[in-house]
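Subject: Structure handover and findings

Dear colleague,

Please find below the structure that I am handing over to you. My notes on it follow directly after.

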Amino acid sequence: MTQSDSRGLLLDQSQDKISLIDEHGTFTYVNGAVRRILGFDPADLVGETAFEYIHPDDVETIRRVFERTLRSESFTEATVEYRFRAADDSWVWLESRMSNLTDTELDGFVVSSRDVTDRVRAEHEYAETASRLEEIAAASGDALWMFNADWSELLFMNPAYEEIYGMPVEEVKASPEAFLETIHPDDVVAVEDAMECLSAGNAVDIEYRVNPQEHYKRWVWVQGQPITQDGEIVRIAGFTRDITDRKRRERQLFVMDNLLRHNLRNDLNVILGTADLIEGTVPEVDDQTAIIRRTAENLLRSAQKQREIIELVTGQERRERIDLQEVVSESIATVRDRYPTATVSVTTFDAVTVRGRPELKAAVIELLENAIQNSEAVNPTVMVRLQQVGHHAELSVEDEATPIPPIEAAVLKGEHEMTDVYHSSGLGFWLVYWSVELSNGTISVHSEDGRGNRITVSLPRAME
């Protein structure tokens, strides 16, 4: 075996395609790796011109690189990527490295090529995905952003930031902490605390005022999340949503709520005081004054429920771990104290923890009281069952009262539609519905044809 044959055997073991080409781009040698990469036998390419196999969109670029490398008077090495036609007429992406170095023993210039098709396709797919994400981000009304772990570099921020904060994105890129200048002075400390919290690896959820150009009248809701790799925080990402309209409605509701409750309470106290006066001076109208007193007291209770609902629907949508067994036990104890003649019995009573709103306790009390108040029995009976069903907790309240009217059941199930003629018997079921709905739960209502109702609340369990 000659030395040339030995070199050929060694080159055939290479994972890369090794070839020799002359100054015209003609193959004078190709190793055996060409079979695996392109499906050709080496003899198929020897004598062929390489440029005839290169993709038409790439050939001129590769020809220029080739000629520039060979014409260089000093040592020059070039690496290029291009598409090369395989034996089955498909296109394979190659990364080739060549130089103008040769000697008398070589019949041309050495070109080493490897198949990079998978990598190039992945890069193209990533670029296409990134492009689509940028289009989505550009169209989003929320400000999307990403910083490095210590907030010293802005990695991404979409155009919505400028509309919300009133500062060009370029200013934040140049000085990442410049966005603090757009925050209301009274809120800066809270935002800085949130930044430290994120850098320490904790998620944040915060609301504050921004945009000095608009006198800080814009409110934003910000959620941030640290991104970790191998246990180390490498980036911080999040979004900012303009909640100015929501805050404005909350303030309006708060003002109207205070005015209504203040005026309603004062007027009803006048009514109750007048009823007491009439009852003391005109005993023969005791029945009528009892009606006045009962109606006024019911209105006062409705006003209190209205207050609880306002706080529920305007508060931050925070959920927490709740020991539902404990909540139900406390609710039963409260109702038993209020209605000593009623019997509230418990069948299944599983220990289960859920993620929900704190107002769930008021909702449970409302369901128990509704069952008692609508019973015609002298000693009402209510059955309670709490059980774990898969990833949910189910709380059922059963009574022997008359069937719940369809319009009230619709409120509980979230199937209500507000119209000019809509009315319901009170605010209690609305309090139940919103408490459960904001806890990501559902409610079902089953009423017997004769007597009895079963209301079942399903809530997601708090997973460990």
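How many bridges join β1 to strand β5 (residues 109-115), and in which sense do the two run? Five bridges join them, and the strands run antiparallel; strands (E, at least two residues) and helices (H or I, at least four) are DSSP runs numbered from the N terminus, and two strands pair if DSSP finds at least two bridges between them.

This is a predicted model, in which local features need pLDDT of at least 70 and side-chain atom pairs count only at pLDDT 80 or more, while totals for chains, interfaces and linings use all residues. Residues are numbered from 1 along each chain as its sequence is written, and side-chain values use heavy atoms, with hydrogens and water left out.

Strand β1 covers residues 17-21, and five of its five residues are buried (under 20% relative accessible area, with exposed over 50% and partly exposed in between; 1.4 Å probe, protein chains only). Lys17, Ser19 and Ile21 point one way from β1, whereas Ile18 and Leu20 point the other way. In a regular strand the side chains alternate between the two faces of the sheet.

On the β5 side, Ile18 stands opposite Ser112. With strand β2 (residues 27-30), β1 pairs in the antiparallel sense over three bridges. Leu20 has Tyr29 of β2 as its bridge partner, and Ser19 has Val30. β1 and β2 form a hairpin with five residues between them, and Gly25 in the turn has a positive phi of about 85°.

The open sheet has five strands in the order β2-β1-β5-β4-β3, with antiparallel pairing. β2 and β3 (77-85) stand at the edges with a single partner strand each, so one side of each is left without a neighbour in the sheet. Neighbouring strands are turned by 30° against each other on average, direction ignored; axes are lines fitted to C-alpha atoms, for helices over the stretch in contact, and angles run from 0 to 180 degrees between N-to-C directions. Helix α4 (residues 56-71) packs on this sheet, touching β1, β3, β4 (91-99) and β5, and its direction makes about 155° with that of β3; contact means heavy atoms within 4.5 Å.

Elsewhere, the axes of helix α12 (residues 360-373) and helix α14 (residues 428-437) come within 9 Å and cross at roughly 140°. Residues making this contact include Leu360 and Leu367 of α12 and Phe429 and Val432 of α14.

Yours sincerely
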